[in-house]
Amino acid sequence: MSVVTRFAPSPTGFLHAGNYRTAVFAYLYAKHHGGEFIVRIEDTDRERSKPEYEHNILEALSWLELPADKQFRQSEQAGRHRELLEKLISEGTAYVSKEAPKEPGGREEVIRFKNPGGVVTFADVIRGNISIDVDELHDFVIARSLDEPVFHFAVVVDDADEGVTHVIRGEDHISNTPRQILIQRALGFSTPAYAHLPLILGTDRTKLSKRRGAKALTEYRDVGVLPEAMLNYLAFLGWNPGDEREYMSKEELIAAFDLARVHKGSAIFDEVKLRSVNQHWMRKLSDQEFVARGDLDPSALLAVPLLKERAQTFEEARELLATELRCLFETPVPEKESLLRKEPEAGKTATHLTHSLDLIGLLPDHASPEEVKARLMPYADQEGRAAVLWPLRYALSGQERSPDPFTLVSILGESESNARIRSALDILNR
RNA sequence: GGCCCUAUCGUCUAACGGUUAGGACGGAGCCUUCUCAAGGCUUAAAUCCGGGUUCGAUUCCCGGUAGGGUCACCA
């Protein structure tokens, strides 16, 4: 039997990392078994479902590269839901119930399921047998009206119609499972395998939720997190391949994924770790890819090696470009006092700068930082590194903190370096 | 509160009865070093508690405790 899994979000808000972790597992499991991954937008709550949320969900899924083999809205199955609702009513396993509206404007009739009671036991792939006494559920509501099925009913019908073999969802659904199984039995459907995933918690150790400040997943995309990094990080929340690997591509994840290695205990979403995983994937990009995928200005290309060392997100890369690495793109305005930070005697500092200037002049075009270093270090060692290198670096950058002078010369090139050193010499002579 | 689920360093986790309880992120220290990064090395840090079972428990069982989830005409 081929595997069919599904991700069934409701478009009533922006989804957070915990929701997408579920999608990741469902996707990986299906693909590992060469099966099908279905995305079903559960929009039976007409009041709260919004197109913008649906768009956001689909956008996030495509960003993460979790393409659906089949995708549809639950509301598109309305006819089928009505048909089966009528069937249950005619068979007497469901009935129209007169209600006393609890709130003004509330409904006077709903459709309830005739609960047979007893204990429902199901085998959870992750947790083993779970038994729940179903008596206290009473005759629960399965539809507001024939055309408005409620979650439990629609889920059961759609999963069965689509041939879903494995229901992979958060453990907050464990207590919903028995009543869904009851409906399945009444409808004559078979029960799929259930895998209830441990929840992803926020730093407050409670279920990630928008109300408590959990970010929409797309916010991570917006600050320049790479989708392969997010996928990698999410996959490792509650699962691991069983070896020492920490960084895995989508293909590697598909090949290794297994429900049997999924944890039972919940995990906390840690942005610090996510950033470090992201940095790993940023560093794997070629310099050209880095600029393109980070949506950086093309001029930033020459700074990419430095950005790979310093930035954990593309947003950080942009900040760096505007602050610490700004000297690569703008002529610095050095201050005399800072030039003399390590060697207070202006005459000596001027001598060092002039000599450095000469040495730089001997460099070949496009000298690497290593070549620059090889040329300058003997002199610096002879005269004192701080006395030579500090004014040089400061003259080139105009910044107390910057990349080292060799790298600066290499990136800036000979003529720009020359100009900057000369202007620092002018300042010293004032 | 009822019901359900869970429990290894701060965090993510390895171990599927026998290990000096391993790795990663983060932290600390050292090295490198003109500054800032990066890099290298080192280091601190965990089996929730109590009973069993066993020659031997992180591991199996029971009981506590703690945390989480869920108790809708939302999904």
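**Entry 1: α7 and α9**

I began with helix α7 (residues 227-235), which packs with α9 at an angle of about 135 degrees, the axes lying 8 Å apart. That angle makes α7 oblique to α9. I note that this is a predicted model. I looked up the handedness next: α7 and α9 cross in the right-handed sense.

Which residues meet here? From α7 I listed Glu228, Ala229, Asn232 and Tyr233. Facing them in α9 are Lys273, Leu274, Val277, Asn278 and Trp281. Sorted by class, the contact of α7 with α9 has five nonpolar, two polar and two charged residues.

**Entry 2: α14 and α16**

I moved to helix α14 (residues 346-361). Its axis is 9 Å from that of α16, and the two pack at an angle of about 70 degrees. Angles of 65 to 115 degrees count as roughly perpendicular, so α14 is roughly perpendicular to α16.

I then wrote down the residues. α14 brings Lys348, Thr349, His352, Leu353 and Ser356. They meet Ala387, Val388, Pro391, Leu392 and Ala395 in α16. The class count for the contact of α14 with α16 is six nonpolar, three polar and one charged.

**Entry 3: α3 and α4**

How are α3 and α4 (residues 151-161) set against each other? I found an angle of about 110 degrees, with the axes 10 Å apart. That makes α3 roughly perpendicular to α4. On the α3 side, Arg80, His81 and Leu84 make the contact. On the α4 side I listed Phe153, Ala154, Val157 and Asp161. I sorted the residues of this contact of α3 with α4 into four nonpolar, one polar and two charged.

**Entry 4**

In what order do the strands stand? I read β4-β5-β8-β9, an open sheet of four strands with antiparallel pairing. β4 (94-98) and β9 (148-149) are the edge strands, each pairing on one side only. I checked one pairing in detail. β8 and β9 pair in the antiparallel sense over two bridges. Ser145 stands opposite Glu148 in β9.

**Entry 5: around RNA strand B**

How many residues surround RNA strand B? I have 58. The closest are Ser10, Glu42, Phe151, Arg385 and Asp404.

I then asked which elements give two or more residues to the surface near RNA strand B. The strands are β7 (128-133), β8 (141-145) and β13 (267-268). The helices are α9 (271-284), α11 (304-310) and α16 (385-397). The largest share comes from α16, with five residues.

α9 packs with α7, α16 packs with α14, and β8 pairs with β9.

The surface near RNA strand B has 25 charged, 19 nonpolar and 14 polar residues.

Technical notes. Residues are numbered from 1 along each chain as its sequence is written. Chains are lettered from A and ligands numbered from 1 in the order in which they are written. This is a predicted model: local features need pLDDT of at least 70, side-chain atom pairs count only at pLDDT 80 or more; totals for chains, interfaces and linings use all residues. A residue is near a molecule or strand if its C-beta atom, placed from the backbone, lies within 6 Å of it. Ala, Val, Leu, Ile, Met, Phe, Trp, Tyr, Cys and Pro count as nonpolar, Asp, Glu, Lys and Arg as charged, and the others, Gly among them, as polar. Two strands pair if DSSP finds at least two bridges between them. Axes are lines fitted to C-alpha atoms, for helices over the stretch in contact, and angles run from 0 to 180 degrees between N-to-C directions. Angles under 35 degrees count as roughly parallel, over 145 as roughly antiparallel, 65 to 115 as roughly perpendicular and the rest as oblique. A crossing is left-handed if the near helix is turned anticlockwise from the far one by less than a right angle, and right-handed if clockwise. Two residues are in contact if their C-beta atoms, placed from the backbone, lie within 7 Å.
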